[in-house]
Amino acid sequence: MFRNIVRSSNKLALANAKRNASHRLYSTAPSNKSNKPSVPAMLAVASMGFAAYYQIVQSREGKTMPRRKEFTTPQEEEALRQKKLAEVKAKREAQQLKPIPAFSPEEVTVVFVLGGPGAGKGTQCENLTKDYGFVHLSAGDLLRAEQKREGSKYGELINNYIKDGLIVPMEVTIALLEQAMKEAMKEGKGSRFLIDGFPRKMDQAIKFEEVVVPSKLVLFFECPEEVMLKRLLKRGENSGRVDDNIESIRKRFVVFTETSMPVIDAYEKQDKVKKISCDQPVDQVYQHVKSIFDDLFSEKK
């Protein structure tokens, strides 16, 4: 490569010399031209040298000089067009906004109240409603009311899930909770809610906070299964609930441990969980709950 460059340079110099000699042979006028190569010639040689050097460096690195493609086939143009369309579509999907919650956390306060079946959540929520002006919404009560509502399209589905101790699809429960919150606010009952027995699974928690409102706090009532079992069997003597029998109760214990405990663990990482031991008289349990709410909500009462 360099030999070719040198040869080209020598030929260019020889041509200049011949032109100068010719001028001296056929003209008596003094020559105004210099024997030095012209500036354009020097630039041309420098450019060729740089190109040759770059190509050598690239070849040593195992690379080749890119070559410009003079034309593309229709198939290649179509493939390129489809690639660009796919990139645009992927970008739009990645930029899609999350659902906007129905309520703002500055305007609406939600406290999730969790605990195993028979832990005493409902009793404690009634006390909090009286003392702090919260609206108590029981996910289970809303589902049972919808189950009995004449013409409900979810009635039979809810009945089968509750009877088997299983978790009703979250879309149904979340829709019922959101509607109940809107009705309570419309009736002037307030904008602070105790949601009892929800969320039962982590996907429910995520979905609720995406489409309804982020939660402020999680109250978790801890209670041994033996204590809860005795309470539920006692309640079942008069409650008339289809799930207050020993078979359904044990299924509910299993479901709670497998699905609801991960919810508690996840919210603990967010520092949102307050745990209360329920293996003691109701009044003592409430004093513990009350101290928590005095710290967080007494000024907003």
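Here are a few worked exercises on the predicted model above.

Some ground rules before we start: residue numbers run from 1 along each chain as its sequence is written. Local features need pLDDT of at least 70, side-chain atom pairs count only at pLDDT 80 or more, totals for chains, interfaces and linings use all residues, and side-chain values use heavy atoms, with hydrogens and water left out.

**Exercise 1. How many helices and strands does the protein have, and what percentage of its residues count as buried?**

Step 1. Start with the secondary structure: there are 11 helices and 5 strands. These are DSSP runs numbered from the N terminus, with helices being H or I of at least four residues and strands E of at least two.

Step 2. Buried means under 20% relative accessible area, exposed over 50%, and partly exposed in between, using a 1.4 Å probe and protein chains only.

Step 3. For contacts (heavy atoms within 4.5 Å), take those with a separation of 6 or more: 76% of them join residues 24 or more positions apart.

**Exercise 2. Describe the largest pocket and what lines it.**

Step 1. Settle the term: on a 1 Å grid over the protein atoms alone, a pocket is an open set of points where a 1.4 Å probe fits, with protein on both sides within 12 Å along at least five of seven lines. Lining residues have an atom within 4 Å of a point.

Step 2. The space inside comes to about 940 Å³, the volume being what probe spheres set on the points fill, with points joined across faces, edges and corners.

Step 3. Count the lining: 44 residues, with Lys121, Asp196, Arg235, Arg241 and Arg252 nearest the centre. By type, 17 are nonpolar, 16 polar and 11 charged; Ala, Val, Leu, Ile, Met, Phe, Trp, Tyr, Cys and Pro count as nonpolar, Asp, Glu, Lys and Arg as charged, and the others, Gly among them, as polar.

Step 4. Elements giving at least two lining residues each include β1 (109-115), α4 (121-132) and α9 (225-239).

**Exercise 3. Which residues does the UniProt "binding site" annotation cover?**

Step 1. According to the unreviewed UniProt entry, they are Gly118, Ala119, Gly120, Lys121, Gly122, Thr123, Arg235 and Gln280. The lining of the largest pocket includes Gly118, Ala119, Gly120, Lys121, Gly122, Thr123, Arg235 and Gln280. Bear in mind that such annotations may be inferred rather than shown by experiment.

Step 2. Zoom in on Gly118, in the loop between β1 and α4. Gly118 is buried because its relative accessibility is 18%, and beyond four places in sequence it touches Met228, Arg231 and Leu232.

Step 3. Move to Lys121 in helix α4, which is buried at 12%. Its contacts beyond four places in sequence include Asp196, Gly197 and Phe221. A polar atom of the Lys121 side chain also sits 3.2 Å from the backbone oxygen of Gly116.

**Exercise 4. Is Asp271 buried or exposed?**

Step 1. Find Asp271 in the loop between α10 and β5 (273-277).

Step 2. Asp271 is exposed because its relative accessible area is 69%.

Step 3. Check the backbone too: phi of Asp271 is near 60°, a positive value in a residue other than glycine.

**Exercise 5. Which residues does a cis peptide bond join?**

Step 1. The bond links Phe198 and Pro199, with omega about 0°.

Step 2. Pro199 belongs to the loop between β3 (192-196) and α8 (202-211).

Methods. A polar contact is a pair of N or O atoms within 3.5 Å; within protein, one must be able to donate a hydrogen and the other to accept it, and residues adjacent in sequence count only if both atoms are side-chain atoms.
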